[in-house]
Amino acid sequence: MTQHLAEPGTATTHPAPGERPDWWREAVIYQVYPRSFADSDGDGIGDLQGIRSRLPHLRELGVDAVWISPFYVSPQADGGYDVADYRAVDPAYGTLLDADEVIREAHALGLRVIIDVVPNHCSDQHDWFRRALSAGPGSPLRDRFHFRPGRGPDGQTPPNDWESVFGGPAWTRTENPDGTPGEWYLHLFAPEQPDFNWEHAAVRDEFRSVLRFWLDMGVDGFRIDVAHGLVKAAGLPDTGRTGQLRLLGTEPLPFFDQDGVHEIYRSWRTVLDEYPGERIGVAEAWTPTVERTARYVRPDELHQAFNFHYLSTGWDAGALRRAIDDCLDAMRPHGAPSTWVLSNHDVVRHTTRLAPDDPGQGLRRARAAVLLMLALPGSVYLYQGEELGLPEVTDLPDEVRQDPSFFKDHGQDGLRDGCRVPIPWSGTGAPYGFGPVAGGPSWLPQPPGWARLSVEAQSGDPDSTLELYRSALAVRREHPALGAGDRVEWLQAPDGVLAFRRSARGDGGGPWHGDLVCTVNTTGAPVPWTVPGRPLLSSQGSLPDGDAAELPADTTIWWAV
């Protein structure tokens, strides 16, 4: 399973991606889930100093930026997405000084830093919410959230029929200071995550202040959690439907993707533009159509939006082509880059998702999928561990699970823990270099056999997934046909095969010249193919030789033409 680069010639020096104008249009951004990335102190939980120690790995990998999931003070009811203090670091992860060191060291290595901001909801331990509960019904402190009287006799049923993403009703009843049953409050996720009322001026002012706090610390941008959820339909109307989670991202809902969110992001864009260095905002926005997603990246709003429509597309040539075209067509009128992603901390890892019953085929498809993704115009997001070909861990014992949706009926599948298992760095036994001591703890158990998937084991092995990623990112950085852009030229191809050309933007000033053709065989059998040019990189097997060749099953090949 050899993969390698054709000889490009003499390497040249280029500006670091972070120094390029519009760096975000073609950036490769690596997501770190702090709890599972690297543990510096041996307590079994990843932390900021662990991240700092592993930044050279990201630089060597060839990414342009690191996106760090929440490390704020949090009771951890939902993996840090229940924030109790937006201006402080949870002691489990370190201190503000540690955060400052991560930002400074990343910048010294030429890496940008993007952090999560969680504006839809906070923790029930947030000072605002605790004061609102203590104040009781009628207090203006409750106006910062969605408190409502219940329906029915004695207000015993929720104010409307909205359902939590994690299962059950999206409302929890409070207890009045005198011990009697009180009002209900809205939480679209866990009960420990009350939703803010974004119609309230204090909420809007507070988050503009939070943005400035971290921008002053030096961060280069924000990934906005549940960006589609901040504004609710006036009057909080019933949906008249059950199974509302199944409608997420497919049909309009009164609590998601309301037009009022765009006024908020226009305000945020003004804040971002106050700072030098092209600071960015990235929307996590589940919408019914890619056209609705594109509204978040209009010129006066955010810079990027996650492409969940592509992430949810199966390993099928026709479906992939439609998803690619739909996204490029939707973003082009707004002058915004498309984004591409295969995995993150909320979904089954694509190595498993693309072939749930066949790990070998899943890895082949995952390797082919990343070369396809890296050949597309726009920005790419990688999730920690995918460069190692990590599979989803599907056999975690119930007693170690921590995903709140696992403990709810009719919510998400509750399997998010499986993509959050700490990643292996080195060694022959757990925790595989995740922590500083052999045999030390990790907050979720790692599977036996992960030693062969570690960074140490794969480094220098030309057949490894890690070296495939390093090679592909090196070509993408230098080749003038890859990176930014807003279109591909589709070429004729047999059923089950994708073929497209990326046209060079100048000569790039480097070792690569001319256009690039990407071919993807999504079928389970080899397909005859006329060689279009000089092969550069293959996801599987040796590079083709001669004028006629076969495209191996579940394989992507890049060609210089």
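A residue is called buried under 20% relative accessible area, exposed over 50%, and partly exposed in between, with a 1.4 Å probe and protein chains only. The structure is a predicted model, in which local features need pLDDT of at least 70 and side-chain atom pairs count only at pLDDT 80 or more, while totals for chains, interfaces and linings use all residues. Residues are numbered from 1 along each chain as its sequence is written, and side-chain values use heavy atoms, with hydrogens and water left out.

## Two buried residues

Val421 has a relative accessibility of 2% and therefore counts as buried. Its place is in the loop between E13 and H11; such labels denote DSSP runs numbered from the N terminus, helices (H or I) having at least four residues and strands (E) at least two. Contact here means heavy atoms within 4.5 Å. Leaving aside residues up to four places away in sequence, Val421 touches Ser36, Val393, Leu396, Leu444, Pro445, Gln446, Pro447 and Trp450. Val393, one of these partners, is 28 residues from Val421 in sequence and 7.3 Å from it in space, C-alpha to C-alpha.

Leu320 belongs to helix H8 (residues 317-331) and is buried, with a relative accessible area of 4%. With residues up to four places away in sequence not counted, Leu320 touches Tyr310, Thr313, Gly314, Trp315, Leu372, Leu498 and Thr522. Leu320 and Leu96 are 224 residues apart in sequence, and their C-alpha atoms are 43 Å apart in space.

## Backbone features in loops

The loop between strand E13 (379-383) and helix H11 (455-458) also holds Pro431. The peptide bond leading from Ala430 to Pro431 is cis, with omega near 10°.

Two residues other than glycine have a positive phi: Asp154, near 60°, and Leu236, near 50°. Asp154 lies in the loop between strand E6 (147-148) and strand E7 (171-175), whereas Leu236 is in the loop between strand E9 (221-224) and H5. Are these two residues buried or exposed? Asp154 is exposed, with a relative accessible area of 68%, while Leu236, at 11% relative accessibility, is buried.

## Packing of helices

Two packed helices are described by the angle between their axes and the distance between the axes. The axes are lines fitted to C-alpha atoms, for helices over the stretch in contact, and the angles run from 0 to 180 degrees between N-to-C directions. Angles under 35 degrees count as roughly parallel, over 145 as roughly antiparallel, 65 to 115 as roughly perpendicular, and the rest as oblique.

| Helix pair | Angle | Axes |
|---|---|---|
| H1 (residues 48-61) and H2 | about 15° | 9 Å apart |
| H2 (residues 96-108) and H4 | about 60° | 10 Å apart |
| H4 (residues 201-217) and H5 (residues 261-273) | roughly 30° | within 10 Å |

H1 and H2 are therefore roughly parallel to each other. Their crossing is left-handed, a term used if the near helix is turned anticlockwise from the far one by less than a right angle, and right-handed is used if clockwise. On the H1 side, Leu48, Gln49, Ile51, Arg52 and Leu55 meet Asp98, Ala99, Glu101, Val102, Glu105 and Ala106 of H2. This contact has six nonpolar, one polar and four charged residues. Here Ala, Val, Leu, Ile, Met, Phe, Trp, Tyr, Cys and Pro count as nonpolar, Asp, Glu, Lys and Arg as charged, and the others, Gly among them, as polar.

H2 and H4 are oblique to each other. Leu96, Ala99, Asp100 and Ile103 of H2 make the contact with Phe213, Trp214 and Met217 of H4. The residues divide into six nonpolar, no polar and one charged.

H4 and H5 are roughly parallel to each other, and their crossing is right-handed. H4 contributes Arg204, Phe207, Arg208, Leu211, Arg212 and Leu215 to the contact, and H5 contributes Glu263, Ile264, Ser267, Trp268, Val271 and Leu272. By class, these are seven nonpolar, one polar and four charged residues.

## The nonpolar interior

A nonpolar core is a set of buried Ala, Val, Leu, Ile, Met, Phe, Trp, Tyr and Cys residues joined through side-chain atoms within 4.5 Å. The largest such core has 129 residues, of which Trp214, Tyr265, Tyr310, Leu382 and Trp558 touch the most other members. Another core, of 16 residues, lies apart from it and includes Val165, Trp184, Leu188 and Phe256.
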